[in-house]
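Dear colleague,

Please find below the structure that I am handing over to you, together with its sequence. A summary of what was found in it comes after.

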Amino acid sequence: MFPSCYSKPKNGSQFKMSYTKVIFGVLVVYVLHTCWAIYGFVHTKPCDPAKGDDCVTSYLSGKPRLQLSMYSSLDPSDEAAHKLLLRVDKFEIHSKLERQVSVSLPEVTHKNGTLHAVVFVHKSGVSPWKDSKHVRLVARLTSQMLPVPPVGSVSSARDSQKGTGDQRLVSYWKSRITLNMMTEDFTFNNAAVPSDLRRYMKIVEDGKKEKKKIYLPLLLVDEMRSRLKDLIKINSTTKAVSLTISYDTITLRKFRIWIHIQAVIYSLKHFGFSEQNLDEIKAMFVETGLHILALSILVPAFHLSFEVFAFKNDVSFWRGKKSLAGISRRSLIWRCFSTVVIFLHLLEEQTSWLTLIPMGIATLIELWKVSRVFAVQPSFKDDRVYEMERATEEHDSKAMKFLSYLLYPLCISGVMYSFLYLKNKSWYFWIINSLVSGVYAFGFLSMVPQLYVNYKLKSVVHLPMSVLLYKGLNTFISDVFSGVITTPGPHQLACFRDDVVFLIYLYQRRIYPLNKSRGRDYGASYRKKPKGKAHED
């Protein structure tokens, strides 16, 4: 009854379209799920006694007199081993606080021992162990890790991760600890307390005649403000160190978001993120605000989707390519070489798998494209196509000849400068570092032959528009992240150079309109489909 519903195209375009729709659908579902999860963090449903809910009120609503006490201890469970560091008798929970104390280091910390800070919030004038409604929190004051390069050093994450066989763990002292307390007078439903808050919430019964449930203050150690710049190296001569104790209030909304971010940052260590990477992520949230959270979740989803779309369209374009008319062979070979060099550089830097996997896929695709370029033979049967291929090769060769006058001296001077003035651990590192520096600095020159070919042929119909569009969108997304997250200068330069090339291509596409009559010159057909019967008589 409906033949169009059962007809299947011969070229398989319907399958490709459904494949794209599936990817786009997954992206939409992910974005909607993320928005719903964020809404769950920023909106916590309060308890409604009129509906018969089992409500839990805040202990702070009774305005008790509280005291803040902080101890240092090697064993947090041993009460006798606690040493008092700070005591605030009249603890004003709604006021900011910052104190600096001196801490004597036990001998065991010189041998990678761990010293803890034990924080109590309890009734004023009463020992915290004798107060049944005290809040207790334990945080580490020392940490063991590989040597951390100084702040501002050119050393990369590789220097702190590679060579674990000849580097020992070093003890560091956290010179700053930040405490946050949720001071909102919020009433929870005991049966619907958010799961992320249960490990921080302690519910007790209060009242002699009328028993009611209350929750004790929600206390949090802000690990987001514990930065690498605040670490002090501990050695055998370190006897005492300073500790800055800060306190500030926090809203329930930010409290829930903060504990989730801290959990995510902790889990990122299992994906190969170094301490320097995690420190940059902390700086992003602490120094720029929570509005970056939405970008850090949604933008990578679009970035990954555009990357998948670019891979898919790139493979589809080159799989059906039968002519190299208008395509610069040298630009393709240079792009393949640049991609391989960047991939080897990322391997040398021990970058996380989240970056290596997409780059590895791109490297394989570029190698496959180069093999396709050498596999495509000139077309001698069609004179128009052959003339266009010959003209393309002539313009491509001329552009590369002029480009070599600028490219070779710059690359040679950069290699010599790296060899004479920069520190290199090995010959392999020097070669890879020199090559990747040249790719980052002069990589924009690789597209000059293709732009020159477009200029001479006065056409851009031979290029895959969809691939360039997705890659162009990805470069703009990379620019957004280079402005938000602290990234190396070469990476920002690479993002900028890709933007320049993409804008030049858009300008060429504007001034060289699509000429459908020349479609056959580039292996494409733009003839209108005949109306009426689909078959020929």
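The notes below cover the salt bridges, the aromatic side chains and a surface patch. Please bear in mind that this is a predicted model.

Salt bridges

Across the whole structure, a search finds 9 salt bridges. Three of them are described here.

Arg 227 and Asp 279 meet through their side chains in a salt bridge, at 2.9 Å from N to O. This pair links distant parts of the chain, as Arg 227 is in the loop between β13 (218–221) and β14 (231–233), while Asp 279 is in helix α6 (residues 275–288), 52 residues apart. Both Arg 227 and Asp 279 are buried.

A salt bridge also joins the side chains of Lys 133 and Asp 206, again with an N to O distance of 2.9 Å. Asp 206, with a relative accessible area of 26%, is partly exposed.

In the salt bridge between Arg 87 and Asp 89, the closest N and O atoms are 3.6 Å apart. Arg 87 is exposed, its relative accessible area being 52%, whereas Asp 89 is partly exposed at 41%.

Aromatic side chains

The structure holds 7 aromatic pairs. One of them is formed by Phe 91 and Tyr 247: the ring centres are 4.9 Å apart and the planes stand at 65 degrees, so the pair is edge-to-face. Phe 91 is in the loop between β3 (83–88) and β4 (97–104) and Tyr 247 is in strand β15 (residues 240–250), so that the pair links parts of the chain 156 residues apart. Phe 91 and Tyr 247 are both buried.

Elsewhere, ring pairs link Tyr 71, Phe 120 and Trp 129 into a cluster. Lys 254 lies over the face of Trp 258, 5.0 Å from the centre of the ring.

Met 416 is found in helix α10 and is partly exposed, with a relative accessible area of 43%.

With kind regards

Notes:
Residues are numbered from 1 along each chain as its sequence is written. This is a predicted model: local features need pLDDT of at least 70, side-chain atom pairs count only at pLDDT 80 or more; totals for chains, interfaces and linings use all residues. Side-chain values use heavy atoms; hydrogens and water are left out. Rings of Phe, Tyr and Trp (its six-membered ring) pair if their centres lie within 6.5 Å; planes under 30 degrees apart count as stacked, over 60 as edge-to-face and the rest as tilted. Helices (H or I, at least four residues) and strands (E, at least two) are DSSP runs, numbered from the N terminus. Buried means under 20% relative accessible area, exposed over 50%, partly exposed in between (1.4 Å probe, protein chains only). A charge sits over a ring if NZ of Lys or CZ of Arg is within 6 Å of the ring centre and within 35 degrees of the ring normal. A salt bridge is a side-chain nitrogen of Lys or Arg within 4 Å of a carboxyl oxygen of Asp or Glu.
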